[in-house]
Amino acid sequence: MRDQLARLRQHMRSEAIIAEATARLAIKLNVRPSEAAEDLARSARHSGMELVEVARGVERPPDQVKKPAEVPNWLRGTLEVGHSSVVYLTPIRGASGRVVDFRVFAANDRATTVTGRMGPDLVGRRLLAISPGAASSGLLEEYFAVYETGEPFQREPMDYVEVRDYVLWPATLSVRAARIDDGVLAAWRLLDEEELLVSGWERAQRLAELGWGEWNLASDRALWTPQMYEMFGRDRSEGPMPLEDLPCSVVPEDLPIVEEQLRSLLEFREAVETEYRILHRHGVRHLSMLSEPILDANGVPVKVRCLAQDVTHNRRRERALAVAHEQALRQRRRAEEEHRITIQLQNTILPLRSGVADLPGLTVAVRYLPGEDLWRLGGDWFKARTIPDGRVLIAIGDAMGHGLTAASVMLQTRAGLAGLAYTGAPPSRLATWLNDLVVNSSGVTVTSTAIIGHFDPGNRMFCWTNAGHPAPILVRDGVAELVESRTGIMLGAFDATEYGMSSLQLQPDDLLVFYTDGVVERRGRDLGSGLDALVQAAGLCEHDECENLEKLIDCLLRKLGAETAEDDVCVMCVRVL
């Protein structure tokens with residue numbers, strides 16, 4: 001907080017420096033402050049310096065005091081009429097003939113600026129010299145408008161910031177100005193504490209949309225604050241609404257509320273808090289009313305007072321929240337139904353989540369773990385089976401996304417591969433066919449990664465195609481490394497895609513580890529670090545659990561922390577016999 005206040009004070013000082021420099025330059029060049037500000041900014045751009053540093057270099061112009069020889073009697077009398085600071089300003093024109101400043105021609109004895117300069121010291125001086133803040137606060141522009149249009153100016157309260165010796169002097173003023181003859185008569189007064197409190201209360205009413213009203217039951221007279229007129233959509237020239245007309249202003253459905261309010265005030269003589277809707281010229285408004293009766297010595301109501309607040313924005317916000325809650329509830333129900341269907345699909349497609357299978361020349365162990373968050377169920381799948389020509393189909397894949405869409409793509413890809421594999425086509429051709437299947441049958445733009453390969457038990461050759469999937473890991477003689485391969489684009493990304501093929505000569509006791517990205521991806525960790533961790537874990541676990549593939553997978557998941565992963569996890573370990 002101290003640092004923030006220090007920065008704020010430094011910023012205020014910079015503003016003061018720039019404001020005072022602008023006024024000095026305007027006097028020196030005899031131009032309006034807006035033109036001087038442009039000249040100052042242009043100098044900063046050309047010099048490459050900060051604007052505040054350029055402003056520091058603007059020197060105070062010579063003191064130009066031109067006191068009038070004599071003040072007319074009519075003006076002297078006018079100055080002394082008011083009880084506030086009053087000055088008469090005469091125009092100073094620039095080279096083009098336009099008014100660029102004013103000179104104080106005369107001032108009353110009470111005239112005092114915000115910074116304490118007194119009347120005798122003001123006469124004969126330029127307004128920008130004695131009150132640089134008149135430019136930065138916009139007051140000088142108001143004086144220009146008064147002189148040029150003849151329209152008087154009045155503002156109470158006016159937040160004003162004077163500048164003197166590079167310091168800001170905030171104040172709240174009551175200001176009036178009018179053109180008289182060839183000059184401007186300006187009067188100002190610092191608001192006292194009571195006036196500041198009243199001004200603050202009026203501002204609080206506007207900000208909080210509060211109104212106050214009083215009905216005199218004996219005289220039928222009423223008193224409303226300005227905000228009450230705004231809340232009820234009533235013109236101030238019509239005066240306050242009679243109390244008996246209050247029921248006519250509400251929507252018909254809320255009429256019983258108003259009738260009960262009046263009954264509580266006038267019959268039961270109790271304070272009451274109510275809320276109802278009124279018919280406003282800008283639509284229906286919601287008002288919260290706190291009302292109380294004022295009783296005489298005999299307990300008879302003589303006045304009714306109320307404090308009203310416009311709560312329309314709150315009620316609209318509550319309705320919006322209710323609608324959003326209902327939409328979220330529907331989406332949750334839809335997600336739950338989608339989750340249920342996804343689970344059924346996964347159970348149908350992948351009934352085996354773990355286990356070991358003996359295939360020609362291989363032992364295969366698999367492990368599939370759904371994500372920790374059920375709604376994140378994804379499209380991970382695997383396939384390991386013998387095809388009619390004696391080779392072993394080995395495949396693993398991951399449909400992008402989660403939920404029903406990913407499960408549907410997983411179903412299409414895995415089921416399609418199961419049928420296409422019986423053609424005996426090479427993995428590259430199978431990948432091309434699967435790509436066509438995903439592109440043309442999903443109905444939405446989806447993608448999937450996969451490794452599709454054939455293992456020949458006769459010569460222990462493994463040939464495969466990689467469609468954007470993480471590379472497999474080979475563990476041989478206790479050394480683990482990623483297998484380099486030709487990586488194609490993901491399935492479903494483009495039409496008519498052709499895929500290349502890679503091959504690897506395997507040896508007895510070799511271990512191949514296939515996996516999905518949920519094994520290596522973690523929040524806050526890049527993919528490269530995850531792959532390095534998996535390669536290291538594969539070498540360590542192979543050394544510790546080489547005889548049991550299921551325990552080896554347990555070891556991998558434990559070392560990588562994949563048992564509690566947010567995303568789906570699928571691992572397939574293949575041991576060459």
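About 40 Å³ of space lies in the second largest cavity. The model is predicted, so local features need pLDDT of at least 70 and side-chain atom pairs count only at pLDDT 80 or more, while totals for chains, interfaces and linings use all residues. Residues are numbered from 1 along each chain as its sequence is written, and side-chain values use heavy atoms, with hydrogens and water left out.

A cavity is a set of points, on a 1 Å grid over the protein atoms alone, where a 1.4 Å probe fits but cannot get out; lining residues have an atom within 4 Å of a point. Grid points are joined across faces, edges and corners, and a volume is the space filled by probe spheres set on the points. Rolling a probe the size of a water molecule over the atoms shows where empty space is left.

The second largest cavity is lined by Trp215, Leu243, Leu246, Gln261, Leu262, Leu265, Met289, Ser291, Val304 and Cys306. At least two lining residues come from each of α11 (255-266), β9 (283-295) and β10 (301-310). Helices (H or I, at least four residues) and strands (E, at least two) are DSSP runs, numbered from the N terminus. The largest share of this lining, three residues, belongs to α11. Eight of the lining residues are nonpolar, two are polar and none is charged. Here Ala, Val, Leu, Ile, Met, Phe, Trp, Tyr, Cys and Pro count as nonpolar, Asp, Glu, Lys and Arg as charged, and the others, Gly among them, as polar.

A search of the whole structure gives two cavities of 30 Å³ or more. Two or more lining residues come from each of β1 (85-93), α6 (127-130), α8 (139-149), β3 (153-164) and β5 (183-190). By class, this lining has 14 nonpolar, two polar and one charged.

The largest pocket has a volume of about 310 Å³. A pocket is an open set of points with protein on both sides within 12 Å along at least five of seven lines. The largest pocket is lined by 20 residues, with Arg60, Asp63, Arg117, Ala129 and Ile130 nearest its centre. α1 (2-29), α6 and β3 each supply at least two of the lining residues. α1 gives the most, with four. The pocket lining divides into nine nonpolar, one polar and ten charged residues.

Asn108 sits in the loop between β2 (99-107) and α5 (119-122). Asn108 is buried, with a relative accessible area of 0%. Buried means under 20% relative accessible area, exposed over 50% and partly exposed in between (1.4 Å probe, protein chains only). The Asn108 side chain reaches the backbone oxygen of Ser84 at 2.9 Å.

Ala418 lies in helix α13 (residues 404-420). With a relative accessible area of 17%, Ala418 is buried. Ala418 and Leu393 are 25 residues apart in sequence, and their C-alpha atoms are 9.2 Å apart in space.

Val446 is in the loop between α14 (427-441) and β15 (448-456). Val446 counts as buried because its relative accessibility is 10%. Val446 and Leu362 are 84 residues apart along the chain, and 33 Å separates their C-alpha atoms.

How values were computed. Polar contact = N/O pair within 3.5 Å; in protein donor to acceptor, adjacent residues only side chain to side chain.
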